[in-house]
Amino acid sequence: MGISNRVTNENSNCQMRKEKRLCYIQPCDSNISKTVKIPKGKTCQPTFQLFKAEKFIFSGCSSTQSYKPTFCGICLDKRCCVPNKSKIITIQFDCPNEGSFKWKMLWITSCVCQKNCRDPGDVFSELEIL
């Protein structure tokens, strides 16, 4: 899980504001090619989910609910799958002996597999260091 920063003017006053939100693009500890099952006769599986719901851990605090996020999948050809549609949800975290807090989180709802990618299978291949 990471933190996404952006600047937006999507508000009633059309003023520039900085926003931070959690994002969980792909699980780090799993071999995606073994997790994602591509249907017979197809070359891509645009999305996948983990087998069971999990609680999110952030700064030593645990989400109050378990979640089963959608991740972008893989292709057997040279295409790569990237987020296409998403929404923002609010996650509540409880901290041992410290109370609770809420964070907004980017929640992927669909992905698209496209031919325009530098490193097939790497969802981060288009990122550039500024």
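**Ground rules**

I note that this is a predicted model, in which local features need pLDDT of at least 70 and side-chain atom pairs count only at pLDDT 80 or more, while totals for chains, interfaces and linings use all residues. Residues are numbered from 1 along each chain as its sequence is written, and side-chain values use heavy atoms, with hydrogens and water left out.

**The chain as a whole**

I found one helix and eight strands in the chain, taking helices (H or I, at least four residues) and strands (E, at least two) as DSSP runs numbered from the N terminus. Along the sequence these elements follow the pattern β-β-α-β-β-β-β-β-β. Of the 130 residues, 35% count as buried. The accessible surface comes to about 9,000 Å², and 49% of it belongs to carbon and sulfur atoms; such areas come from the Shrake-Rupley method with a 1.4 Å probe, and for residues only the protein chains shown count as cover. I also looked up contacts (heavy atoms within 4.5 Å), and among those between residues at least 6 apart in sequence, 53% join residues at least 24 apart.

**Disulfides**

I took a disulfide to be a pair of cysteine sulfur atoms within 2.5 Å, and by this rule the count comes to four disulfides. With the bonded cysteines numbered in sequence order, the pairing reads 1-4, 2-6, 3-7, 5-8.

Returning to Cys 95, I see that a disulfide joins Cys 61 to Cys 95, with 2.0 Å from S to S, and that this link is right-handed, with 105° about the S-S bond. Cys 61 lies in strand S5 (residues 61–63) and Cys 95 in strand S7, so the pair ties together parts that are 34 residues apart in sequence. Cys 61 also counts as buried, at 6% relative accessibility.

Cys 44 and Cys 75 form a disulfide with their sulfur atoms 2.0 Å apart, and this link is right-handed, with 110° about the S-S bond. Because Cys 44 lies in strand S3 (residues 44–49) and Cys 75 in strand S6, the pair ties together parts that are 31 residues apart in sequence. Cys 44 is buried at 13%, and Cys 75 is buried at 13%.

For Cys 72 and Cys 111, I found the sulfur atoms 2.1 Å apart and a left-handed link, with -80° about the S-S bond. Cys 72 lies in strand S6 and Cys 111 in strand S8, so this pair ties together parts that are 39 residues apart in sequence. Cys 72 is buried at 0% relative accessibility, and Cys 111 is buried at 10%.

**Nonpolar cores**

I then turned to the nonpolar cores, each a set of buried Ala, Val, Leu, Ile, Met, Phe, Trp, Tyr and Cys residues joined through side-chain atoms within 4.5 Å. The largest has 19 residues, and those with the most contacts inside it include Leu 22, Phe 56, Tyr 67 and Met 105. Strands S6 (70–75), S7 (80–95) and S8 (99–114) each supply at least two residues of this core, and the largest share, four residues, comes from S7. Apart from this core lies another, of 10 residues, among them Ile 25, Cys 81, Leu 106 and Cys 113.

Technical notes:
Buried < 20%, exposed > 50% of the residue type's maximum accessible area, 1.4 Å probe, protein only.
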